[in-house]
Amino acid sequence: MAVDFRTLLKECMRNQETGERWFEDLEIGEAFFLSIQASTLHDSTPPELLENVNSYDAFQVILQTKQGVYTCGKRGAWDFLAGCDWFSLLEEDTPIIRLGERIPVSVVQKIYEDVLACAAAHPEMLMKKGGCGSVKLC
């Protein structure tokens, strides 16, 4: 098992008055950003600002591909992850963003581990650059 994702959450913004808080995105390899959020602004359980992130039962999760990552076709990031049991919990928001609400802690952990494994196992999902900085489609 990979490190507990909650230990990686670094707060970057908080408004005590409104109960809003943001954690920095987790950058996963060259392919993904994983945003895990919990506060009054987010679809977490409970939907409030708690001091201890271990006190949440569920988080709002956004999985985004980085620029230069295929999202469809035989090298598509989503195709590599579509077989994961949690994939259907994240709805397509845009072609590069999938969003999940009130995702249980154990499932968020699985998402984190699967995305780490996917990024390591599938470098072919990245567009390769040609010698002059142009994109070479593989």
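Reply: A residue is called buried when its relative accessible area is under 20%, exposed when that value is over 50%, and partly exposed in between. The model is a predicted one. Ala31 has a relative accessibility of 3% and is therefore classed as buried. Ala31 belongs to the loop that joins strand 3 (26–28) to strand 4 (32–37). Apart from neighbours within four places in sequence, the contacts of Ala31 are Gln64, Thr65, Lys66, Val69, Met125 and Leu126. The C-alpha atom of Ala31 lies 18 Å from that of Leu8, a residue 23 positions away along the chain.

One of these contacts, Lys66, also takes part in a charged pair. Side chains of opposite charge can pair when their charged atoms come close. Lys66 forms a salt bridge with Glu27, with 2.5 Å between the closest N and O atoms.

With a relative accessibility of 41%, Gly73 counts as partly exposed. Its C-alpha atom is 26 Å from that of Val107, and 34 residues separate Gly73 from Val107 in sequence.

Strand 5 leads on to the pairing of strands. It runs antiparallel to strand 7 (residues 97–104), and six bridges link strand 5 with strand 7. Within this pairing, Val61 is set opposite Gly100 of strand 7. Strand 7 also pairs with strand 6 (residues 91–94), again in the antiparallel sense, over three bridges. Here Glu92 has Arg98 of strand 7 as its bridge partner. Two residues lie between strand 6 and strand 7, which form a hairpin.

A further salt bridge joins Arg102 and Glu101, at 3.8 Å from N to O. Both are partly exposed: Arg102 has a relative accessible area of 45%, and Glu101 has a relative accessibility of 41%. Elsewhere, salt bridges with shared partners connect Glu11, Arg14, Arg21 and Glu51 in one network. The model has eight salt bridges in total.

Note on methods: Residues numbered from 1 in each chain as written. Predicted model: local features only at pLDDT ≥ 70, side-chain atom pairs only at ≥ 80, totals over all residues. Heavy atoms only, no water. Helix = DSSP H or I, 4+ residues; strand = E, 2+ residues; numbered from the N terminus. Buried < 20%, exposed > 50% of the residue type's maximum accessible area, 1.4 Å probe, protein only. Contact = heavy atoms within 4.5 Å. Pairing = 2+ DSSP bridges. Salt bridge = Lys/Arg side-chain N within 4 Å of Asp/Glu carboxyl O.
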